[in-house]
Amino acid sequence: MREHVGKSSKLFNGFTSIMRRFIFKVLCVGPIPNHISFIMDGNRRFAKKHNLQGPDAGHRAGFVSVTYVLQYCQEIGVPYVTLYAFGIDNFKREPEEVKCMMDLMLEKIELTIDQAISGNLKDLKVIFAGDLNLLNERLKVAAQSLMELTEQNRGLVAVVIVAYSTSHEIVQAIRESCVRKCVDGDSPLVLEMSDVEECMYTSIVPDPDLVIRSGGIDRLSNFMTWQSSRSLLHTTAALWPELGLWHLVWAILKFQRMHDYLQKKKKQKLD
Amino acid sequence: MDSNEPMLLLSSRIGQIGDLGLDLLWRFLHIVVSLFHIVSGIFEAIQSYAISLGLIQKYSSVDIEKLRCLAVVLDIEVARDVAKVVELLQWLKTIGVKQVGLFDSQGLLKKSKDMILEMVPGSTLLQETGEKDISPDRKEGIAIEFISSSDNKEAVVKAANILLKRHLKTSHPEKDEGNNVFTESHLNEALRVVGENVHVPDLMLVYGPVRSHLGFPAWRLRYTEIVHMGSLKYMRYGSLLKAIHKFTGVRQNYGV
């Protein structure tokens with residue numbers, strides 16, 4: 001009986017995989033975003049909604065969503081994905097919750113390191129961006145190890161944004177660019193926009209084409225407001241752990257509808 | 001070699017038919033999406049007219065005090081329609097909005113600011129005066145700020161240069177990490193020095209084809225609710241009231 005159920009389950013999974021790839025093949029007839037950013041909101045509400053126990057229960061469910069979203073983006077062929085995992089404002093939460101989230105991040109990074117070593121990451125390149133000095137030492141070291149292990153991968157680039165806010169990023173970028181100017185005796189002591197922008201945490205990726213926020217909230221919450229001038233901002237009512245294939249497909253279809261307009265905006269004189 | 005050619009031709013034809021099939025499916029998918037948008041647009045229009053006529057009780061009163069600062073982002077194509085912009089400002093004044101920042105990336109509205117201020121009775125140009133300066137005649141009117149892309153990244157770079165000059169005045173600038181110069185409050189202050197308003201809008205209404213802030217000053221956009229209102233040409237009073245009413249019911253955690 002178990003064998004029968006196992007076979008049916010495999011068949012079903014195989015069928016859904018074929019259907020999914022077919023849907024993506026249709027989607028890829030149109031333009032695909034070069035960079036999608038995700039504001040992963042709604043984990044705590046999900047835990048409350050489903051009476052899940054433990055301060056990190058919602059975030060654990062959220063991580064499952066992360067794996068699916070990365071898989072889908074890889075299959076669609078999106079080159080860059082940014083995941084807003086932890087904001088600087090989130091440090092103001094209850095210490096127990098913050099510790100749980102840090103421990104969970106560490107656990108998942110170590111799991112991903114194991115997968116990278118055993119060659120199961122399918123060429124995924126992982127980068128951590130944000131003020132990593134605000135993280136505990138163990139987490140910082142693990143993040144660094146994962147980045148080094150996946151540095152040579154040439155597939156989907158997944159940027160995990162931690163300890164971040166736009167305001168903090170701008171101030172730190174200004175600080176860094178000023179210090180560099182002072183150290184570099186050759187160039188004139190005037191900052192240009194490029195000096196500031198190259199010091200930003202997110203300078204490693206192009207500006208996002210599409211920003212998707214889960215959880216039904218209509219704001220950016222201090223996330224990439226500098227980089228999203230020409231981005232399509234999409235909000236979905238689904239909580240992050242509920243975000244699935246169709247939510248992603250819907251957002252990309254919306255992007256495709258507006259692609260010509262967004263391209264026109266990019267070509268106009270930018271800020 | 002010759003026997004392979006028909007096979008190659010056949011597989012090429014099959015490939016072309018396959019691509020055509022995918023293309024048709026993609027177009028069909030987008031037709032379905034467009035139909036969805038048309039139908040939801042019709043429902044929104046009906047609801048908006050019902051709100052304008054006062055038929056929906058929920059929207060008859062709005063707690064406007066919660067909305068201290070409103071931003072309106074206009075696509076440059078719609079920003080040219082000054083008459084519509086003036087009409088929108090009059091609606092906002094009727095609802096009770098006291099302060100509005102009008103943004104378009106190219107600064108077209110800045111060029112028309114005198115005309116707009118003249119055409120909106122009781123409007124004044126918002127200066128960087130801070131919260132204390134509320135003169136009696138301003139209480140009834142609407143203060144308007146005109147913003148463009150030059151107030152975004154360019155302004156931050158100007159402010160950054162002010163901070164650089166301060167940093168250079170320290171005794172060993174190349175060794176100093178600048179903890180006393182490079183903070184958010186110092187940047188706020190430097191932005192004020194270059195003539196920028198640093199107040200964060202509570203709500204942003206976007207008039208244009210897409211929901212995008214189009215380069216609104218990033219420094220001010222941190223916790224702003226962003227609502228897409230559609231085309232300015234077909235703007236509706238009911239939709240405006242609904243968006244503001246919805247905002248007044250929002251509760252922000254600020255990440256906590």
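Which residues line the second largest cavity? In this predicted model, where local features need pLDDT of at least 70, side-chain atom pairs count only at pLDDT 80 or more, and totals for chains, interfaces and linings use all residues, the lining is made up of Ile39(A), Val211(A), Arg213(A), Ile217(A), Asp218(A), Arg219(A), Leu220(A), Leu233(A), His234(A), Thr235(A), Arg211(B) and Ile226(B). Residues are numbered from 1 along each chain as its sequence is written, and side-chain values use heavy atoms, without hydrogens and water.

A cavity is a set of points on a 1 Å grid over the protein atoms alone where a 1.4 Å probe fits but cannot get out, and its lining residues have an atom within 4 Å of a point. The second largest cavity holds about 60 Å³ of space. Strand 5 (210-213) and strand 6 (232-235) of chain A each give two or more residues to this lining, strands being DSSP runs (E, at least two residues) numbered from the N terminus. Strand 6 of chain A provides the largest share, three residues. By class, the lining has six nonpolar, two polar and four charged residues; Ala, Val, Leu, Ile, Met, Phe, Trp, Tyr, Cys and Pro count as nonpolar, Asp, Glu, Lys and Arg as charged, and the others, Gly among them, as polar.

Now for the largest cavity. Its volume, the space filled by probe spheres set on the grid points, is about 70 Å³. Among the residues lining the largest cavity are Ile147(B), Asp151(B), Trp219(B) and Arg220(B). Its lining divides into five nonpolar, two polar and three charged residues. The count comes to four cavities of 30 Å³ or more.

Note on methods
Chains lettered and ligands numbered in written order. 1 Å grid on protein atoms, 1.4 Å probe; cavity = no way out; pocket = protein on both sides within 12 Å on 5 of 7 lines; lining within 4 Å. Helix = DSSP H or I, 4+ residues; strand = E, 2+ residues; numbered from the N terminus.
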